[in-house]
Amino acid sequence: MNIHEFQAKKILAKYGVSIPKGKEAYSSSEAAAVALEIGGKKWVVKAQIHAGGRGKAGGVKIADSVEEVTKISNKLLGMQLITHQTGPEGKKVNKIFIEEGINIVSELYLGIVLDRSNEKYVMMGSTEGGTEIEVVAEKTPKKIFKVQIDPLIGMQAYQARQLVFKLGLSKAVSNKAVTFMLALAKTVEETDASLVEINPLVITDNNNVLALDAKMNFDDNALYRHKDIESLRDEDEEDPRELEAAKHDLNYISLDGNIGCMVNGAGLAMATMDIIKLEGGTPANFLDVGGGATKERVEQAFKIILSDEKVKAVLINIFGGIMRCDVIAEGVVSAAKNIEINIPLIVRLAGTNVEKGKDILNNSGLDIISADNLGDAAKKVVSSIREA
């Protein structure tokens with residue numbers, strides 16, 4: 001689960017991470033009131049959407065007066081902000097974040113991510129603040145410094161000091177930087193965050209260490225332990241199909257392609273998408289109906305796939321182990337009775353009750369293209385789009 005910057009900063013502040021003064025607003029009048037409440041002579045007005053690259057896209061502006069805060073807020077609120085992470089459709093700005101202006105001496109990068117291969121969190125620091133860490137890793141990997149955090153004892157002060165030394169921070173800010181890093185590590189550990197990214201982490205002219213920006217992602221599987229964090233979910237920022245799928249215990253992720261996929265099992269779903277790409281096609285989604293799916297769940301999965309206007313063909317790939325092929329067939333037929341299908345439908349069934357499943361589909365009256373194996377199915381679904 002993702003949250004907004006202003007929400008992340010409230011969580012960080014709770015654990016002792018230093019942040020600038022700021023507050024969210026939902027109208028230009030609220031924004032002006034927040035600016036007056038914060039005080040000072042300069043403010044930063046930030047669009048709040050679940051995407052990076054807001055600054056480059058015009059979603060972060062500096063204001064030198066309360067009147068300018070109002071003007072910028074009016075412009076940002078309601079706009080469709082397009083960044084490299086939103087896609088060409090962009091995201092609508094429904095809220096903004098007003099923050100005090102900071103006199104910055106230097107910018108750094110600091111982040112914590114879960115390293116699944118080592119089963120540990122890793123804190124990463126770089127002198128290239130304000131730059132995407134992927135770009136730094138590609139062009140100047142030697143500028144990224146890492147420390148691994150032992151899950152049994154947490155991050156230690158000596159590790160933070162090592163990172164401070166590698167980042168070349170002065171004695172005037174080193175102790176504050178160590179405190180910042182330890183607080184950040186504690187935040188991640190106690191909230192089950194899967195990612196926290198401070199970019200940039202800034203050193204101010206009065207030697208303070210502040211999180212100028214903040215991004216936090218959380219492990220969905222751990223949210224039952226953090227109802228306060230779960231309540232921060234902004235459904236306006238999420239794909240409505242993914243939200244609908246979650247209601248029916250379906251694992252669905254929307255993608256940019258035009259071939260809808262319904263598969264049972266995450267590994268088989270990944271293999272299906274890979275072979276579609278290999279044949280020159282592009283998957284429109286990842287959808288795992290699970291091993292114990294019912295007829296009703298399959299029907300809902302089929303409806304969700306077809307609700308995507310980008311989908312020009314559907315590939316159903318089922319290996320019946322725990323999941324029975326006849327259940328999948330019944331769900332597809334039931335959904336087809338309620339939805340007009342005017343795109344190619346390719347089905348590959350194998351395993352438990354496969355013949356029964358094929359009989360249900362063959363006798364359904366649906367225009368179905370049968371496939372013998374996964375490779376055959378991928379070829380047929382890609383060629384069906386090309387022919388259309």
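Student: Where is Gln48 found in this predicted model?

Tutor: The model is predicted, so local features need pLDDT of at least 70 and side-chain atom pairs pLDDT 80 or more, while totals for chains, interfaces and linings use all residues. Residues are numbered from 1 along each chain as its sequence is written, and side-chain values use heavy atoms, leaving out hydrogens and water. Helices (H or I, at least four residues) and strands (E, at least two) are DSSP runs numbered from the N terminus. Gln48 is in the loop between strand 2 (43–47) and strand 3 (60–63).

Student: Does Gln48 count as buried or exposed?

Tutor: Buried means under 20% relative accessible area, exposed over 50%, and partly exposed in between (1.4 Å probe, protein chains only). Gln48 has 1% relative accessibility, so Gln48 counts as buried.

Student: Which backbone nitrogen does the side chain of Gln48 reach?

Tutor: A polar contact is a pair of N or O atoms within 3.5 Å; within protein, one must be able to donate a hydrogen and the other to accept it, and residues adjacent in sequence count only if both atoms are side-chain atoms. At 3.1 Å, the side chain of Gln48 reaches the backbone nitrogen of Phe6.

Student: Which side chain makes a polar contact with the side chain of His226?

Tutor: His226 lies in the loop between strand 12 (215–218) and helix 7 (227–230). His226 counts as buried because its relative accessibility is 10%. Its side chain reaches the backbone oxygen of Thr191 at 3.5 Å. The side-chain partner, at 2.6 Å, is Asp192.

Student: How is Asp150 classed, buried, partly exposed or exposed?

Tutor: Asp150 sits in the loop between strand 9 (144–149) and helix 5 (157–166). Its side chain reaches the backbone nitrogen of Leu152 at 2.8 Å. With a relative accessible area of 30%, Asp150 is partly exposed.
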